[in-house]
Amino acid sequence: MSAAKKPIDIKKSVIDAILAGLISLIVFGPIVGVVLDGYGFDLQPARVGWLVAIVMIGRFAMSLFMQTPKGLKVLHGFESTGSGVHVLAPDYKSRLRWIIPALIVIAIVFPFFANKYILTVVILGLIYVLLGLGLNIVVGLAGLLDLGYVAFYAIGAYGLALGYQYLGLGFWTVLPLSALAAGLAGCLLGFPVLRMHGDYLAIVTLGFGEIIRLILNNWLSFTGGPNGMPVPSPTFFGLEFGRRAKEGGVPFHEFFGLEYNPNIKFLFIYIVLFLVVLLVLYIKHRLTRMPVGRAWEALREDEIACRSMGLNHVLVKLSAFTIGASTAGLAGVFFASYQGFVNPSSFTFFESALILAIVVLGGMGSTVGVVIAAFVLTVAPELLRAFSEYRVLLFGVLMVVMMIWRPRGLIRISRTGVTPRKGVAP
Amino acid sequence: MDGIFLQQLINGLTLGSVYGLIAIGYTMVYGIIGMINFAHGEVYMISAYLAAISLALLAYFGIESFPLLILGTLVFTVVVTGIYGWVIERVAYKPLRNSTRLAPLISAIGISLILQNYAQISQGAKQQGVPTLLAGALKVDIGTGFVQLTYTKIFILIAAFAGMAVLTYIIKYTKLGRMCRATQQDRKMASILGINTDRVISYVFIIGAAMAALAGVLITMNYGTFDFYAGFVIGIKAFTAAVLGGIGSLPGAMLGGIILGISESLFSGLINSDYKDVFSFSLLVLILIFRPQGLLGRPLVAKV
Amino acid sequence: MSQTFYKKGFLALAVSAALGVSAFAQADIKFGVAGPMTGANASFGEQYMRGAQAAADEINAKGGVNGEKIVLVKGDDACEPKQAVAVANRMVDQDKVAGVVGHFCSSSTIPASEVYSDAGVIAITPGSTNPAVTERGLSAMFRMCGRDDQQGIVAGDYIVDVLKGKKVAVLHDKDTYGQGLADATKAQLTKRGVTPVLYEGLTRGEKDFSAVVTKIRAAGADIVYFGGLHPEAGPLVRQLREQGLKDVKFMSDDGIVTDELVTTAGGPQYVDGVYMTFGADPRMLPESKAVVEQFRKSGYEPEGYTLYAYASVQTLAAGFTGAKSTKGEDAAKWLKANAVKTVMGEKTWDAKGDLKVSDYVVYQWDKDGKYHQLEKQK
């Protein structure tokens with residue numbers, strides 16, 4: 001590219017900045033500058049001035065940067081398309097190969113240092129890791145855009161609450177049952193929607209998610225409606241973690257002669273959750289290397305080709321849906337026992353969007369990326385607490401910027417290359 | 001016909017025509033770049049603020065006649081919202097034009113968070129409203145009862161259908177419309193034929209935002225109140241309407257909106273309003289199972 | 001590169017938090033103030049904070065609690081249960097609060113109170129009216145306000161006794177607060193021999209209620225009771241009037257006690273004659289006179305829940321002082337046995353933690369968009 005030699009055109013940048021300033025004046029002027037007060041208004045021109053100035057300076061700097069060789073390279077990056085997986089050299093050793101063991105070590109060591117607040121934030125992060133991993137199978141690997149994923153999460157959470165209320169089931173019984181129930185629901189939803197293509201699938205799943213939430217909200221006599229339902233604490237071989245055991249039992253701390261510590265319950269949830277996450281990580285790792293995992297990805301890339309090759313697309317899609325849904329069911333059980341209470345407002349469309357954002361930001365199909373993105377997106381709002389009212393705004397900006405910066409996610413899905421073994425005919 | 005039933009039908013029709021106007025924004029953007037613009041509901045919300053601001057400003061300058069007020073507000077809101085549509089496309093979607101299908105979707109979710117909080121921070125977290133502009137109603141007596149039609153509702157129906165007619169004319173008979181349709185059919189081919197597809201995409205975003213702005217003015221006039229969260233519910237409904245009618249099809253968006261509006265209204269009128277959303281989503285799922293391309297959408301033929 | 005960046009950030013977060021927390025040593029007594037400091041209900045959070053701060057300042061000026069100064073810790077739950085649990089954990093564990101004033105939304109207070117109860121921290125909510133807040137057998141959960149069922153009884157009795165309603169339509173917004181209230185009112189109406197002709201939910205965030213309004217017309221109701229908040233109540237009453245139901249009386253709850261009702265209804269002409277139940281205005285009490293004046297002098301009108309928050313801090317302080325302890329459970333025991341003189345008058349609590357006397361009265365809006373208390377009808 002010869003463009004690198006071009007001198008930097010300051011005049012162009014100035015014009016760019018002025019144009020951007022004018023547009024931002026029109027855009028921000030009315031809404032930032034005229035604050036409605038009843039049917040009247042207050043004028044706040046200073047705020048508009050600041051915003052316009054920031055936009056102009058930003059545009060000027062960006063315009064200058066884009067003319068430098070480095071900027072041109074960034075610009076050029078937008079033009080290229082990349083699809084499929086990135087194949088690495090056969091002997092490639094990732095610089096990040098230590099990241100999983102390191103994360104595991106941190107995860108084991110960290111509860112000794114953390115207090116309950118940090119512990120709960122991390123539990124929430126792990127729950128989203130689970131959700132992200134599940135949705136990653138559906139969206140990232142199988143390429144089925146699911147906007148109602150939260151429905152399965154809700155099934156898991158309410159499974160625990162309802163199971164306790166009506167059948168007296170506890171955490172341990174419900175954990176596998178919820179995964180089953182959510183998987184079954186995923187299978188049931190999967191059947192009718194298999195005929196649909198990409199975005200119709202999206203809206204149908206969105207509708208399904210809303211239907212589940214509305215039923216939970218409206219069926220007052222069964223689910224408690226908007227009031228929600230209490231959820232029992234998990235137990236350890238029948239020992240409860242409460243200060244006092246509920247039905248005449250012996251609480252955990254008395255049994256072991258420890259002093260009462262409310263953290264134990266969360267520590268316990270953390271340990272079980274961590275083990276489940278490891279298990280799911282392992283299963284997913286194996287699945288992607290098994291025929292079914294390859295079939296998911298093949299179907300994502302070209303459905304017609306797959307079907308003409310004799311791949312049973314119904315079975316393949318259904319398996320993705322079912323496995324993804326049952327992972328969400330597991331996450332739901334943990335969420336319910338973490339919160340000790342469930343109500344429908346935890347399962348809105350925004351939650352689905354957040355999980356989808358985790359998958360896309362992490363890099364579709366990439367496991368490590370999803371783990372990182374899940375923590376970024378759950379810890380970020382907590383870190384941003386300092387910005388109080390600008391918190392969600394910054395969160396939105398973060399999503400847009402991350403997408404523009406890394407449209408394919410933090411970590412691209414990649415495969416180790418294959419070399420023909422010696423002595424084998426090509 | 002029963003007066004109550006007819007009233008419910010009219011309620012549904014006004015609600016549906018408004019859904020339809022917003023659905024146009026979804027359907028056009030989807031038709032041309034195959035992307036679900038999740039921020040579209042928030043664009044409508046911004047336009048509601050703009051309409052209220054414009055009304056307040058016009059009232060401050062002493063303009064009181066209804067035609068002037070409404071005309072001024074319409075022009076102001078449509079123009080500024082159109083620019084919003086353009087800026088959003090430019091900042092959040094254009095850099096992602098060539099990346100994966102899901103990247104702009106996430107970007108759009110980010111934009112909708114930004115717009116919601118932008119409105120909340122700059123205008124305060126309170127309920128906003130506009131004074132009643134067009135008071136009074138038409139009371140039509142029919143055999144078994146009466147139907148009450150406010151002037152605002154009549155105005156909404158007229159304006160919505162006028163807006164649709166203008167848009168249909170633009171798409172069908174003008175050069176811009178032909179360019180849009182060409183880009184929708186085959187973006188690569190259109191650019192080979194000398195159409196600046198990037199610009200056409202920008203136009204589509206502007207048109208979609210303008211239609212949302214029209215809806216914003218009409219809804220604000222009719223219900224008189226909104227807040228920074230107003231775009232969410234109506235955005236989901238309008239998106240449903242667009243898919244119901246067949247995403248990518250303009251008459252489909254309008255039809256989908258009206259079907260959705262009437263079915264909601266009749267279901268809550270005749271059965272129970274608690275489950276009206278469950279009903280509309282179930283209707284959508286059912287229609288899509290039997291007609292996966294929506295009511296008026298063209299069936300998707302996959303070629304190898 | 002980016003990956004290492006996030007990793008470092010995460011490490012730094014975990015380490016700094018772990019170290020930073022244990023390094024503190026408490027000398028003061030800490031009270032948490034939790035509520036929606038951001039989001040759609042942020043104005044209530046501000047009322048909480050203002051009221052609590054003023055009370056803490058006053059108590060500190062008089063020597064504090066058992067000689068210790070009150071320090072307030074702010075917690076934002078944005079009225080989301082998930083965030084409420086996180087905030088509760090942080091206050092209990094990281095800030096080591098002795099007592100909590102909060103939360104606002106009942107759906108936040110309920111899960112958060114489990115955390116407080118586990119940690120043995122006393123909590124008092126100035127504004128959560130859902131019965132379930134105190135109905136779950138928690139020993140240290142108190143309430144500064146009335147309960148929805150008490151409010152529903154007042155509303156139901158008023159409809160039967162004063163408005164002489166025969167055909168009542170009961171609506172709600174399908175949310176914890178609104179539906180709980182509508183249910184309570186419906187129960188009281190049924191008890192008094194008036195079966196509602198219509199009982200339905202609206203969807204929060206929607207503005208078109210014309211289908212429901214037409215249904216009210218079809219049912220021939222003469223009174224509409226709505227359990228919910230002003231964003232839905234405003235358009236509902238306007239659409240009632242617009243569909244020609246001019247004589248139907250409209251009654252609602254303390255969720256519409258804000259001037260914004262006029263804005264949402266499209267002008268004062270639509271709210272004219274609307275009834276609502278609300279606690280007797282604490283600003284009118286003789287006990288609050290000095291405090292209210294002080295607020296007004298500093299340029300703040302102590303409306304809504306400001307004085308409720310003020311009284312909550314006073315109650316907590318009285319509990320700890322009275323029990324001569326810093327343990328939440330001792331303070332709770334003391335409060336259930338003794339009366340406390342607060343800015344809202346003398347208050348006593350029953351074994352569940354509810355106020356023994358609730359003071360709901362009926363207000364009415366006038367054609368200028370103002371509300372005033374109606375004479376007590378006996």
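Predicted model: local features only at pLDDT ≥ 70, side-chain atom pairs only at ≥ 80, totals over all residues.
**Figure 1. Helix α7 of chain C and its surroundings**. α7(C) is mostly covered, with 8 of its 10 residues buried. The buried set runs C:Ser210, C:Ala211, C:Val212, C:Val213, C:Thr214, C:Lys215, C:Ile216 and C:Arg217. What do the buried residues of α7(C) pack against? From chain B, the partners are α1 (3-33) and α10. From chain C, they are β6 (168-172), β7, β8 (223-227) and α8. Just after the helix, C:Gly220 adopts a positive phi of about 65 degrees.

**Figure 2. The contact between chain C and chain B**. Chain C contributes 33 residues and chain B contributes 31 residues. On the chain C side, at least two residues each come from α2 (42-61), β7 (198-201), α7 (210-219), α8 (230-242) and α9 (260-265). Which element gives the most to this side of chain C? α7(C) does, with 7 residues. By class, the chain C side holds 8 nonpolar, 15 polar and 10 charged residues.

**Figure 3. The contact between chain A and chain B**. Here 51 residues of chain A meet 56 residues of chain B. Several elements of chain A each supply at least two residues to the side that touches chain B. The helices are α1 (10-33), α3 (69-79), α8 (198-218), α15 (349-362) and α17 (391-405). The strands are β1 (34-37) and β2 (40-43). α8(A) gives the most, with 11 residues. How does the chain A side divide by class? There are 39 nonpolar, 6 polar and 6 charged residues.

**Figure 4. Helices α6 and α14 of chain A cross**. Helix α6 (residues 150-167) and helix α14 (residues 313-339) of chain A have axes that come within 6 Å. The axes cross at roughly 45 degrees, which means α6(A) is oblique to α14(A). The crossing is right-handed. From α6(A), the contact includes A:Phe152, A:Tyr153, A:Ile155 and A:Leu160. Its glycines in the contact include A:Gly156 and A:Gly159. From α14(A), the contact includes A:Leu330, A:Val333, A:Phe335 and A:Ser337. A:Gly329 and A:Gly332 of α14(A) also take part. The residues of this contact divide into 14 nonpolar, 5 polar and no charged.

**Figure 5. Helices α3 and α4 of chain B cross**. Helix α3 (residues 66-93) and helix α4 (residues 102-123) of chain B have axes that come within 10 Å. The axes cross at roughly 125 degrees. α3(B) and α4(B) are therefore oblique to each other. Their crossing is right-handed. α3(B) brings B:Ile88, B:Ala92 and B:Tyr93 to the contact. α4(B) brings B:Pro104, B:Ser107, B:Ala108 and B:Ile111. By class, the contact has 6 nonpolar, 1 polar and no charged residues.

**Figure 6. The two assigned domains of chain C**. Domain 1 covers 29-147 + 284-347, and domain 2 covers 149-278 + 360-373. The C-alpha centres of these domains of chain C lie 30 Å apart.

**Figure 7. Chain A by domain and fold content**. The secondary structure of chain A comes to 17 helices and 6 strands. Of its 426 residues, 47% count as buried. Among contacts in chain A with a separation of 6 or more, 75% join residues 24 or more positions apart. The domain assignment gives domain 1 (10-69) and domain 2 (95-411) of chain A. Their centres, taken over C-alpha atoms, are separated by 41 Å.

Notes
Residues numbered from 1 in each chain as written. Chains lettered and ligands numbered in written order. Contact = placed C-beta atoms within 7 Å. Helix = DSSP H or I, 4+ residues; strand = E, 2+ residues; numbered from the N terminus. Nonpolar A, V, L, I, M, F, W, Y, C, P; charged D, E, K, R; others polar. Domains from an automatic or database assignment. Axes fitted to C-alpha atoms, helices over the stretch in contact; angles between N-to-C directions. Parallel < 35°, antiparallel > 145°, perpendicular 65-115°, else oblique. Left-handed = near helix turned anticlockwise from the far one by under 90°. Buried ≥ 20, exposed ≤ 12 C-beta atoms within 10 Å, placed from the backbone.
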